[in-house]
Amino acid sequence: MGTAEQKLASMGIKIDAIDRTGKGTLACRKYKNLLFISGHGPFDMGDKPLMQGTVGVDLTPEQGYEAGRLTAVRMLATIKDAIGDLDEIDYFVKGLVIFNSGGKFYDMPAQANGFSDVITMTFGQRGRHARAAMGCGTQPRNVPVIVDMVLKLKD
């Protein structure tokens, strides 16, 4: 277990193996030393939603934050599956966090911190990333948040 996974374990987070059977698209694509990660949501390792609903209507902002946290855990499992060792990440470049939002919910950046906090707590300065956070009317399978990310791998 590498340093990143030890840090996750100290936060009570375990990275499980991913079931990749029957997938027609890629969860991520490597180009040179960059890893482009497709949109991830708060799904378990079998791709079942852990949370569903609209932040500001069905879900509270605190639940939106938790959805972001769960999404980070799922994304880290994808990254580990793709590269084998999370310690091979040089740094995180850019994330796009899109919330299924409604009502009078306008504080997407604060709830996006649920995602970013897991990344920065795990990777420290290497985890700091540029990020956009916004709302939309619907999400696939009614999950509250979808995040995609670009990161740089070590040379």
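The protein exposes about 7900 Å² of surface, of which 52% is supplied by carbon and sulfur atoms (Shrake-Rupley method, 1.4 Å probe). The structure is a predicted model, in which local features need pLDDT of at least 70, side-chain atom pairs count only at pLDDT 80 or more, and totals for chains, interfaces and linings use all residues. Residues are numbered from 1 along each chain as its sequence is written, and side-chain values use heavy atoms, with hydrogens and water left out.

The protein contains three helices and five strands (DSSP runs, H or I of at least four residues for helices and E of at least two for strands, numbered from the N terminus). Along the sequence these elements follow the pattern α-β-β-α-β-α-β-β. The C-alpha trace spans about 45 × 35 × 30 Å along its principal axes. Of the 155 residues, 43% count as buried (under 20% relative accessible area, with a 1.4 Å probe and protein chains only). Among contacts (heavy atoms within 4.5 Å) with a separation of 6 or more, 80% are made by residues 24 or more positions apart.

Residue N100 is located in strand β3, which covers residues 89–100. With a relative accessible area of 1%, N100 is buried. The side chain of N100 forms a polar contact of 3.4 Å with that of T54 and another of 3.2 Å with that of N142 (a polar contact is a pair of N or O atoms within 3.5 Å; within protein, one must be able to donate a hydrogen and the other to accept it, and residues adjacent in sequence count only if both atoms are side-chain atoms). Leaving aside residues up to four places away in sequence, N100 touches residues including G53, V55, C136 and P144.

Technical notes. Buried means under 20% relative accessible area, exposed over 50%, partly exposed in between (1.4 Å probe, protein chains only).
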